[in-house]
Amino acid sequence: MSMQAWRGQLLRFDSEGRPAYDSDGLLVTRQDADGVRRVLDAGAHGAVAARHPGLPVEHLPGRLIAPGFIDMHVHYPQLDVIGSPADGLLPWLEHYTFPAEARFADPAHAAEVARFFFDELARNGVTTALAFATSHPASVDAFFTEAQRRGLRMIGGKVLQDRHSPDGVRDQTEQSLLDSEALIQRWHGQGRLGYAITPRFAPSCSDAQMHGAAELARRHPDTWIQSHVAENKDEVRWVRELYPQARSYLDVYQRFGLLRPRAVYAHCIHLDAADRLLMHETQTAAAVSPTSNLFLGSGFFDYAAAARHGMLHGLASDVGGGTSFSPFHTMLAAYYVGREGQSKPGLSLAPSQLWWQHTGGAARALGLGGVVGTLQPGSEADFVVLNPQATPLLARKTAQANSLEELLFALIVLGDDRVVEQVVGA
Ligand SMILES: [Zn+2]
């Protein structure tokens, strides 16, 4: 019962992001004492099977077994905001996002959306996410209750926003910090759940709230921090007016003490070299959100500069600014963003590199290296079973693939939720 094995094409990563591929592979898992399924062995079928004689095996002919996808930045309450037309980020927040989030004061609504959200992640092969809830504690309880029921590795937190926010989503400074502390106590470290301290973005938080968030982060060093930075030029200008003494938008967070390992900032587009160096030095990670950035016209993440400065980064849907839960759509959009060569140097990200950014690379950026995202022995066995023949064109294209890179790129360009046949969570 506690050991299980799957045979098919098998994709894994080493801890540096190098892919390993077996056209006939075997993945062997075993449940640990806590009931979490871990990878016991993986590799070429012949060699691995010989080490585990008599083990029953589920055969998945023509299917690709791969690490579950990791979404580094998503707003679960923004399900109903996807595809809302607006004139850039700030009007989009005002007209669509804040009204949608205000409904999460109702626990029944939050629970219904949380169920739909996790169904949607599963349909798309996403097994771990770092998610914003809303400013209402009930939205966080709904998120974690549902994640726990499904046994998922999920991270989330209550949004902090005590200023420049409309009635219905604006919170009270003192109460917001007490609520965050109580939610950390209730959920952080429960099974595979983790809490993220969540100042929405600098303009929406008073100095007292930012100081309080940083104090929580110091008291609970293994919690996460999640926020937004340097998404859009109007926003950057606004932050410069609010904090004339700060060197940059990112520097605002640094001054409050909100940059550290397990701190994740969405977007990171309009940064300079000093900002990127600061991210590297503090081991702060960027959640690159390409479909959102293209949709809202925010700009293009500079992959070459991020690599040059050793910035931790990985991929994210940023739903509802993002237009899809599908990791395939996100990876393709990341490829477009990488190619763009007018506002920064253009480059071609390798398909396996895009895939790494949405699995093991995202895990490493989250401080979960070796825990999920690679299918290395000892890691948690969250994985997907993909069908490279899911559509006629995909079947035709993948049949002609002569290398792993060609196979992965065909899936990235032509794939979507129809490719995801099965999701196995640890
Ligand atoms: Zn966001």
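Me: What does buried mean for a residue here?

Reply: Buried means under 20% relative accessible area, exposed means over 50%, and partly exposed lies in between (1.4 Å probe, protein chains only). Take Tyr-265: its relative accessibility is 0%, so Tyr-265 counts as buried.

Me: What should I know about the model before going on?

Reply: This is a predicted model, where local features need pLDDT of at least 70, side-chain atom pairs count only at pLDDT 80 or more, and totals for chains, interfaces and linings use all residues. Residues are numbered from 1 along each chain as its sequence is written, and side-chain values use heavy atoms, with hydrogens and water left out.

Me: How is a pair of aromatic rings described?

Reply: By the distance of the centres and the angle of the planes. Rings of Phe, Tyr and Trp (its six-membered ring) pair if their centres lie within 6.5 Å; planes under 30 degrees apart are stacked, over 60 edge-to-face, and the rest tilted. The whole structure holds 20 aromatic pairs. Phe-117 and Phe-118 make an edge-to-face pair, at 5.1 Å centre to centre and 70° between the planes. Phe-117 is buried at 0% relative accessibility, and Phe-118 is buried at 1%.

Me: Which type of pair do Tyr-253 and Tyr-265 form?

Reply: A tilted one: 4.7 Å centre to centre, with 50° between the planes. Tyr-253 sits in helix H8 (residues 249–256) and Tyr-265 in strand E11 (residues 263–267), so the pair ties together parts 12 residues apart in sequence. Helices (H or I, at least four residues) and strands (E, at least two) are DSSP runs, numbered from the N terminus.

Me: Where do nonpolar side chains tend to be in soluble globular proteins?

Reply: They tend to be buried together. A nonpolar core is a set of buried Ala, Val, Leu, Ile, Met, Phe, Trp, Tyr and Cys residues joined through side-chain atoms within 4.5 Å. The largest core here has 99 residues, and Tyr-76, Tyr-253 and Trp-355 have the most contacts inside it. Apart from that core lies another, of 18 residues, including Val-264 and Ala-287.

Me: How do side chains alternate in a regular strand?

Reply: Between the two faces of the sheet. In strand E13 (residues 312–315), Leu-312 and Gly-314 are on one side, His-313 and Leu-315 on the other, and all are buried. Strand E12 (residues 285–288) runs parallel to E13, joined by four bridges; two strands pair if DSSP finds at least two bridges between them. Ala-287 stands opposite Gly-314 in E13.
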